[in-house]
Amino acid sequence: MAIRKAVKGTAAVASGGLVAFYGLTQLTEYRKRQARLSRVEAVEQVNMAFQDELPSRQAQLTALRATQEFDVLVVGGGATGSGCALDAVTRDLKTALVERDDFSSGTSSRSTKLIHGGVRYLQKAIVKLDYEQYMMVKEALHERSNLLNIAPHLTALLPIMLPIYKWWQLPYYWAGIKIYDLVAGAQCLKSSYILTKTKALELFPMLKRDKLVGAIVYYDGQHNDARMNLAIALTAARYGAAIANYTEVVHLLKRVDPQMGKERVCGARCRDVITGQEFDVRAKCVINATGPFTDALRKMDDQKNPNICQPSAGVHIVIPGYYSPDNMGLLDPATSDGRVIFFLPWEKMTIAGTTDTPTEITPHPIPMEEDINFILTEVRNYLSPDVEVRRGDVLAAWSGIRPLVTNPNSKDTQSICRNHIVHISDSGLVTIAGGKWTTYRSMAEDTLDAAVKAHNLSAGPSKTVGLMLEGAKDWTPTMYIRLVQDYGLEVEVAQHLASSYGGRAYEVAKMAHVTGKRWPIVGKRLVSEFPYIESEVQYAIKEYACTAIDVIARRTRLGFLNVQAAEEALPRIVDIMGKQLTWSEQRKRVSSTTLSHFDAPVLTSPSDWKRGEQELSAAKQFLYYEMGYKARSEQLTDTSEITLTPAEVGRYMKRFHKFDKENKGFITTVDVQRVLESINVYIDADTLHEILNEVDLNKNGQVEFNEFLQLMSAVKKGQVSANRLAILMKTAEQSLDQTEKPVSVDRSGGGV
């Protein structure tokens, strides 16, 4: 009743703003209606040859070399670059795309995983009466709807809860969220609604209940960003675009235009990063879609070009799925420093982020400990006190570089452009920069419209609205049942394949090997707790995966979900890829280097590709630095402070001596194995070595008592969780104590 009164009391205040924005919405809708109708008609006219079998990477490289001249060469294989390639090729333009790393290896795989219009941008638009911000939100909401339709297997609706702890905030946020619905118009996913305190806690039981007034729930979309990016690129390839990852631009090609007498960009000198071979790719138009690296290509065009990219780092963390409901996200609209934090279920885990701090441009951004702790602190503010979010619960962390840009076309070149910009240089280089993931398609459309006009290309309007992406064609919400019935896959595995590959999941299932078990019949998992199976590694190669990093980071998302699980899966992944790609034994060989002793340099030159043990070392290095393993491992070091009481030290000394029978002051794998065998527990030597290695801080092959105390102190403080040695020793101690207890005369039956 109190909530209703509060809402009614502010309805009159909010109505003026609602009516104004509604009128604005209808006006812009009227102006765009005819354009939309023509786009829908254009989509129906995409009758180009569609390749059911993807060309191999080698075939794509051959096409890049052999084609005399492309209409469009796109540099950059992120969401925007792949979107440009798809837009160009469906306009019947001869299209090429090169990416120096892997598709989606940069910012496009490191997002918050939301497909959204931007609630915070709408708030700014209303408060500041900013029409540009409003139009950016409206465009994003239109693109949100389109993306949910063209890739239903990779996307889903996600309700997001906005908890309210002050009465005055309820009508304020309610009015804002209702305007968000209204701006979406007919493309509103579901209507937002208000929850009482009781209902909010029922739907989100982890929520802090003290002073909670109620909550507002609104809807946005969620997706698997890396696989979405890949789907866009693969769709372009199936329509005939020549695309190649691990192909970098060495320099731009130029020729003098006889009519204008000026140099014009006419292609690029490219290098296959894997083989080191160089070749020219000629094109009438070159599009710079390199995200944070925009300025590097602009300076290849003209060294005098000023920098327009102002990079900002956004860090995310992944914690166990039990910290959030399966189908309800959380939004903190005002953190302690004014930022916005999302707390969302994703891939059966919980993702939290993001930060927004200035950074340097680097191809290998590293999540910093202070950013991880900031996110954890903000999350704790909204969760119940009995839900302890520990530092040790962070399973993975990553940093993505958001390429904020200044507009070189504007007189005020210092101000950040809120939307994307398209710029054409004097030599004809087309640059697309800024924007957001959700609007990649409209960004690509604007870019190609500008390119077609500037370079007099023969092409019609964009045809990508409603154009189904890779895997969407034969997908249905229940197709996983057929995968279970027809192939004998586990239900969880079948659901994962359907949501990752859509209609192409059947191809992955056909590659799956027999398990030799009664159930599942096929589908050997890479690691037991995740639904990724070995045949996905084989299929990843068809999707242009060239390295183990491509598999753990972008074809599967294992590296983004749990770095330790990804590390465990690496040897098998490298072995499968080695057989498929005929790698040498030297390249495949499992490195004995541990994560805490990483000193291998980043692999950047062709000669590095020939280095022994390179594949596994590079993948471990990726996990260690870019996926947060380094920050995680540093929670337990040989300088960690021991904060245990005397009673706790005594208890742990007793436990340690259960294993250290000879009072050596340390334990080895032999000691642990002996104790485990005495309680009929058997673990292979390699696994035991891994378990002890996690705690062996000075890496001498043994765990000293002081190291054990540092471990238990870190566990107590929440810096380390689910440590295998700690749990193993506790369980063994309990079993030993149970067997060592004297049996009473009564229980023995009396005796004689």
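## Salt bridges overall

The predicted model contains 45 salt bridges. Side chains of opposite charge can pair when their charged atoms come close.

## Asp 272 and Arg 57

Asp 272 and Arg 57 form a salt bridge in which the closest N and O atoms are 3.0 Å apart.

Asp 272 has a relative accessible area of 2% and is buried. Arg 57, at 13%, also counts as buried, because the cut-off for that class is under 20%.

## Glu 470 and Arg 238

A salt bridge joins Glu 470 to Arg 238, and the closest N and O atoms of this pair lie 2.5 Å apart. Glu 470 is located in the loop between helix 11 (440-455) and helix 12 (479-487), whereas Arg 238 is in helix 8 (residues 225-238); the pair therefore ties together parts that are 232 residues apart in sequence. Glu 470 and Arg 238 are both buried.

## Asp 737 and Lys 658

Asp 737 is paired with Lys 658 in a salt bridge whose closest N and O atoms are 2.8 Å apart. Asp 737 lies in helix 26 (residues 724-740) and Lys 658 in helix 22 (residues 646-659), so this contact ties together parts that are 79 residues apart in sequence.

The two partners fall into separate accessibility classes: Asp 737 is partly exposed, at a relative accessible area of 27%, while Lys 658 is buried, at 10%.

## A network of shared partners

## A nonpolar surface patch

Val 127, Trp 168 and Tyr 172 make a nonpolar surface patch of about 360 Å². Of these residues, Val 127 is found in helix 4 (residues 119-128). Val 127 has a relative accessibility of 60% and so counts as exposed, since the cut-off for exposed residues is over 50%.

Methods. Residues are numbered from 1 along each chain as its sequence is written. This is a predicted model: local features need pLDDT of at least 70, side-chain atom pairs count only at pLDDT 80 or more; totals for chains, interfaces and linings use all residues. Side-chain values use heavy atoms; hydrogens and water are left out. A salt bridge is a side-chain nitrogen of Lys or Arg within 4 Å of a carboxyl oxygen of Asp or Glu. Buried means under 20% relative accessible area, exposed over 50%, partly exposed in between (1.4 Å probe, protein chains only). Helices (H or I, at least four residues) and strands (E, at least two) are DSSP runs, numbered from the N terminus. Patches are made of residues with over 30% relative accessible area and no salt bridge: like charges are joined within 9 Å, nonpolar side chains (Val, Leu, Ile, Met, Phe, Trp, Tyr) within 5 Å. Accessible areas come from the Shrake-Rupley method with a 1.4 Å probe; for residues, only the protein chains shown count as cover.
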